[in-house]
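My notebook is open, and I am going through this fold one piece at a time. Here is what I looked up, in the order I went.

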Amino acid sequence: MNVETRTALIGIIVENEASVERLNALLHDYRNCIIGRMGVPHPHKEMSIISVAIEAEQTVISALSGKLGALEGVSTKTIYSKN
């Protein structure tokens, strides 16, 4: 069976520090399909900005993005490559 994967970038804004532990646990759960991750603190606004590059089936990417976005004080947006 040939599984079609997509490349995507999940942008994450974290405004509730209490959600960070669960966010990191979710990213750890999906570590096998994460290409890379970059986090940038924004101390003036008391938030963090994280980008996650991922290669997986579209359903897997959507599931991760949805789970992250469901955390309190966490917003996500996902963009997909055209190919």
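Entry 1. I began with the contacts of Ser 65, leaving out residues up to four places away in sequence, and found that Ser 65 touches Ile 10, Thr 76 and Thr 78. I am working from a predicted model, so I keep that in mind throughout. Ser 65 sits in helix H2, which spans residues 58-69. Is Ser 65 buried or exposed? With a relative accessible area of 9%, Ser 65 is buried, because the cut-off for that is under 20%.

Entry 2. Next I looked up the sheet. It is open, has 4 strands in the order E2-E3-E1-E4, and its pairing is antiparallel. Strands E2 (34-42) and E4 (74-80) are at the edges with a single partner strand each, so one side of each has no neighbour in the sheet. On average, neighbouring strands are turned by 15° against each other, direction ignored. I then checked E1 (residues 6-14) against E4: the two pair in the antiparallel sense over 7 bridges. In E4, Thr 76 stands opposite Ile 12.

Entry 3. How do the helices sit on the sheet? H1 packs on it and touches E1, E2, E3 (47-56) and E4, with its direction at about 165° to that of E2. H2 lies across E1, E3 and E4 and runs at about 160° to E4.

Entry 4. Last, the helix pair. H1 (residues 20-29) and H2 pack at about 170°, their axes 10 Å apart, and are therefore roughly antiparallel to each other. Leu 23, Leu 26 and Leu 27 of H1 meet Leu 64, Lys 67 and Leu 68 of H2. I sorted these contact residues into 5 nonpolar, no polar and 1 charged.

Notes:
Residues numbered from 1 in each chain as written. Predicted model: local features only at pLDDT ≥ 70, side-chain atom pairs only at ≥ 80, totals over all residues. Heavy atoms only, no water. Buried < 20%, exposed > 50% of the residue type's maximum accessible area, 1.4 Å probe, protein only. Contact = heavy atoms within 4.5 Å. Axes fitted to C-alpha atoms, helices over the stretch in contact; angles between N-to-C directions. Parallel < 35°, antiparallel > 145°, perpendicular 65-115°, else oblique. Nonpolar A, V, L, I, M, F, W, Y, C, P; charged D, E, K, R; others polar. Pairing = 2+ DSSP bridges.
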